[in-house]
Amino acid sequence: MSKTVLFVQEHGYKSYEALSADVEKMKSRVDELQSVIDKSNHRMDEIKELKNQIITYAKHSKVYAEYKAKKFSKQYYEEHKTEIEEYKSAKKYFDSLNLGSYKLPTVASLSEEFDECKKEKNAAFDELLPLKKEYREMLIHQKNLATILEINETDTTQPQHKKKTEQEL
């Protein structure tokens, strides 16, 4: 509890509400950074999947073209079943993207986008780690201050009848 009093004095908080406001601001920033990380991770997963499908499609396109040229021969299909099925799976994936007349991106452009997402994620993560630590510390001090001031944390806007005054801080 003495650390909380010292923290409040060092940071110049004049009231519980002022500390709570800063805690909320910090929570918003933590949530914002976490959202950036989550979105980057999601996009990076999409890029990985798209790159894999493009590579699979390109790798097996000659086999599929030959299969088509042989008028979908059952014998050729049995000999190259894995490659043909992987090609069809990649084609089905591209169709599900509803690209229409748009061309698929190149693997190089996807790699660049992946690197950008990774940089954005790492920057957010580097900012998030110390901020989370500070946020946790502020939450502890907020709870301790609520205890000192006898504030019901579920309803911090209404003081209780035995609440100590803010001047006692």
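The model is predicted, so local features are reported only at pLDDT of at least 70 and side-chain atom pairs only at pLDDT 80 or more, whereas totals for chains, interfaces and linings use all residues. Residues are numbered from 1 along each chain as its sequence is written, and side-chain values use heavy atoms, with hydrogens and water left out. The secondary structure comes to five helices and zero strands, where helices (H or I, at least four residues) and strands (E, at least two) are DSSP runs numbered from the N terminus.

**Overall make-up**

- Read along the sequence, the chain follows the pattern α-α-α-α-α.
- Of the 169 residues in the chain, 25% are buried, and here buried means under 20% relative accessible area, exposed means over 50%, and partly exposed lies in between, as found with a 1.4 Å probe on protein chains only.
- Among contacts between residues at least 6 apart in sequence, 76% join residues at least 24 apart, a contact being heavy atoms within 4.5 Å.

**Helix 1 against helix 5**

- Helix 1 (residues 2-10) packs on helix 5 (residues 107-148) at an angle of about 105°, with the two axes 9 Å apart; the axes are lines fitted to C-alpha atoms, for helices over the stretch in contact, and angles run from 0 to 180 degrees between N-to-C directions.
- That angle makes helix 1 roughly perpendicular to helix 5, given that 65 to 115 degrees counts as roughly perpendicular, under 35 as roughly parallel, over 145 as roughly antiparallel and the rest as oblique.
- On the helix 1 side the contact is made by Lys 3, Thr 4, Val 5, Phe 7 and Val 8, which meet Glu 137, Met 138, His 141, Asn 144, Leu 145 and Ile 148 of helix 5.
- The residues of this contact divide into six nonpolar, three polar and two charged, where Ala, Val, Leu, Ile, Met, Phe, Trp, Tyr, Cys and Pro count as nonpolar, Asp, Glu, Lys and Arg as charged, and the others, Gly among them, as polar.

**Helix 4 and its two faces**

- The buried residues of helix 4 are Ile 84, Tyr 87, Ala 90 and Phe 94.
- Seen down the axis of helix 4, these buried residues fall within an arc of 125°, so they line one face of the helix; the arc is that of the directions from the helix axis to the C-beta atoms.
- An α-helix has 3.6 residues a turn, so residues three or four places apart point the same way.
- What covers the buried residues of helix 4 includes helix 2 (16-69) and helix 3 (74-79), while the face turned away from the buried side carries the exposed residues Thr 82, Lys 92 and Ser 96.
- Lys 81, which is also found in helix 4, is partly exposed with a relative accessible area of 42%, and its C-alpha atom is 9.9 Å from that of Tyr 64, a residue 17 places away in sequence.

**Residues of helix 2**

- Ser 40 is found in helix 2 and is buried, with a relative accessible area of 3%; not counting residues up to four places away in sequence, Ser 40 touches Cys 117, Glu 120 and Lys 121.
- Arg 43, also placed in helix 2, counts as partly exposed at 28% relative accessibility.
- Leaving aside neighbours within four places in sequence, Arg 43 is in contact with Glu 113 and Cys 117, and the C-alpha atoms of Arg 43 and Glu 113 are separated by 9.2 Å although the two residues are 70 apart along the chain.
- Leu 50 of helix 2 counts as buried at 10% relative accessibility, and, with the neighbours within four places again left aside, Leu 50 is in contact with Tyr 93, Phe 94, Leu 97, Pro 105 and Leu 110.
- Between Leu 50 and Pro 105, which are 55 residues apart along the chain, the C-alpha separation is 9.0 Å.

**Positive phi values**

- Most residues other than glycine have a negative phi.
- Lys 71, in the loop between helix 2 and helix 3, has a positive phi of about 55° although it is not a glycine, and at 71% relative accessibility Lys 71 counts as exposed.
- Glu 150, in the segment after helix 5, has a positive phi near 55° and is partly exposed, with a relative accessible area of 34%.
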